Amino acid sequence: MAEPLSANPHQAHWQRALRGVRARVEPLPPCRSSGRVVRATGLVIEVVGLQVALGNACRIELPAGHQEARRYAEAEVVGFAGDRLYLMPLAEITGLMPGARVFPLADGTHESARRFPLGEDLLGRVVDGNGAPLDGLGPLGDVPHAPLATPPLNPLSRAPIEEQIDVGIRAINALLSVGRGQRMGLFAGSGVGKSVLLGMMARYTRADVIVVGLIGERGREVQDFIDNILGEEGLRRAVVVAAPADTSPLQRLQGASYATRLAEGFRDEGRNVLLIMDSLTRFAMAQREIALAVGEPPATKGYPPSVFAKLPNLVERAGNAQRGGGSITAFYTVLTEGDDQQDPIADSARAILDGHIVLSRTLAEAGHYPAIDIEASISRAMTAIIDSQQLQQAQRFKSLFSRYQRNRDLISVGAYQSGQDPQLDEAVRRYPQLEEFLQQGIDENSSLEDARQALASTLGGNA
């Protein structure tokens, strides 16, 4: 029971003030644990005197400048050895001193996990890997927050992929059909048009919500993707998470997880989500930087084992929810350095994704856009989502195209004489139409029905 206020107005004023102070002080813990910095090498800060769970956040106290308030830098626990914690800052730190005090973000290990904004209010917004707005449209306000980690879905409870999704790209809709809830990889070197192709998908795909994760790309490309590729119409139903190349590896890693967590939030509401991640390779490189910094030994081409454990953990979060629920259809770009399809990240991604679309530098240099190498690309869910007629037509198309490509040199030098191989004769006759079918303008939208009709017309009505 509260003590009654004094009749003296002056005493009553101080009693109210003391009650306010007591209300703020009582919930606080009786003591506050802290540690201190003992070493900082490269990206890693070593701290003693704290017990904080792996993945949780801390604040590092920095010295105050002249007439400045005390500053703090945020960092995350990325490893430990004995009584030493290895922390990695979320942003570059200036002024760090030996012995600087380090505090858990909140007392209690279960409360120290960082929480990120989610929900409807993020549609049309551009945020960084921490969930802070980058678009100058003001704060997000009172939106729900949640940690990045979510329990994995039971694989037996997921709805199967059985419905085709319209991505607006003729070659994909007809020959590499994508199902709702499928995870596809877009394999390409630099400068062959992958960002333009992703933008076309973002504008034309039939989805309730689009989540775009721009991870480790050039800062200039973020603005260019939003303004010129995604466009105003695409942005209205999208959330863009940008963690460009000049951010810390922790921010890049976190940005990819945050984009996936946003997509999961919309999927759990029963929506069909398109998740675009550019790129999965930069995510792997960020994990490599962190793992090497904390002393993990390199394995395949300089990539530590934890990289290959992180990739399926991220990718498996996409896909369908329970039957009747929402879905996440995901496209991940994979950089093939030097156009090497056997790069360890490309090889690992190919194994864990539900298909891959390969972009060819040779086609791009010839002005063939989108530069899809139809022979090297495959959709593993295609046979389950299209009818037998379209499947036969797609196989017929690929057979003719492949036969022409295998004999291209002979044809170009005039060494092939017509009449020797009827199937090759047909491939030579139809090749201009096959090539025209695979090309599409950036502002051209080809629906599922348009793609099927164009495929039948290209083959002359033959399956």
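**Helix geometry and packing in the predicted model**

Helix H5 is mostly covered, with 19 of its 20 residues buried. In this predicted model, H5 comprises residues 249-268 and reaches 29 Å from its first C-alpha to its last, close to the 28 Å expected at 1.5 Å a residue. Just after H5, Gly 270 adopts a positive phi of about 90°.

A bend of about 100° is located at Leu 230 of H4. Leu 230 also belongs to the buried residues of this helix, together with Glu 221, Val 222, Phe 225, Ile 226, Ile 229, Gly 231, Gly 234 and Leu 235.

A helix pair is formed by H7 (residues 305-315) and H8 (residues 344-352). Their axes lie 10 Å apart, and the two helices pack at an angle of about 35°. The crossing of H7 and H8 is right-handed. On the H7 side, the contact is made by Val 307, Phe 308, Leu 311, Pro 312 and Val 315, and on the H8 side by Pro 344, Ile 345, Ser 348 and Ile 352. Eight of the residues in the contact of H7 with H8 are nonpolar and one is polar, while none is charged.

The loop between H8 and strand E16 (355-358) contains Asp 354. Asp 354 counts as buried because its relative accessibility is 17%, under the 20% cut-off for burial. Beyond its neighbours within four places in sequence, Asp 354 is in contact with Ile 161, Gln 182, Arg 183 and Met 184, and also with Ser 379, Arg 380 and Ala 381.

At the level of the whole chain, the secondary structure comes to 14 helices and 17 strands. The C-alpha atoms fill a box of roughly 110 × 50 × 45 Å along the principal axes. Of the 463 residues of the chain, 49% count as buried. Among contacts between residues at least 6 apart in sequence, 71% join residues at least 24 apart.

Definitions and conventions:
Residues are numbered from 1 along each chain as its sequence is written. This is a predicted model: local features need pLDDT of at least 70, side-chain atom pairs count only at pLDDT 80 or more; totals for chains, interfaces and linings use all residues. Side-chain values use heavy atoms; hydrogens and water are left out. Axes are lines fitted to C-alpha atoms, for helices over the stretch in contact, and angles run from 0 to 180 degrees between N-to-C directions. Helices (H or I, at least four residues) and strands (E, at least two) are DSSP runs, numbered from the N terminus. A crossing is left-handed if the near helix is turned anticlockwise from the far one by less than a right angle, and right-handed if clockwise. Contact means heavy atoms within 4.5 Å. Ala, Val, Leu, Ile, Met, Phe, Trp, Tyr, Cys and Pro count as nonpolar, Asp, Glu, Lys and Arg as charged, and the others, Gly among them, as polar. The bend at a residue is the angle between axes fitted to the seven residues ending there and the seven starting there. Buried means under 20% relative accessible area, exposed over 50%, partly exposed in between (1.4 Å probe, protein chains only). The expected span of a helix is 1.5 Å times one less than its number of residues.
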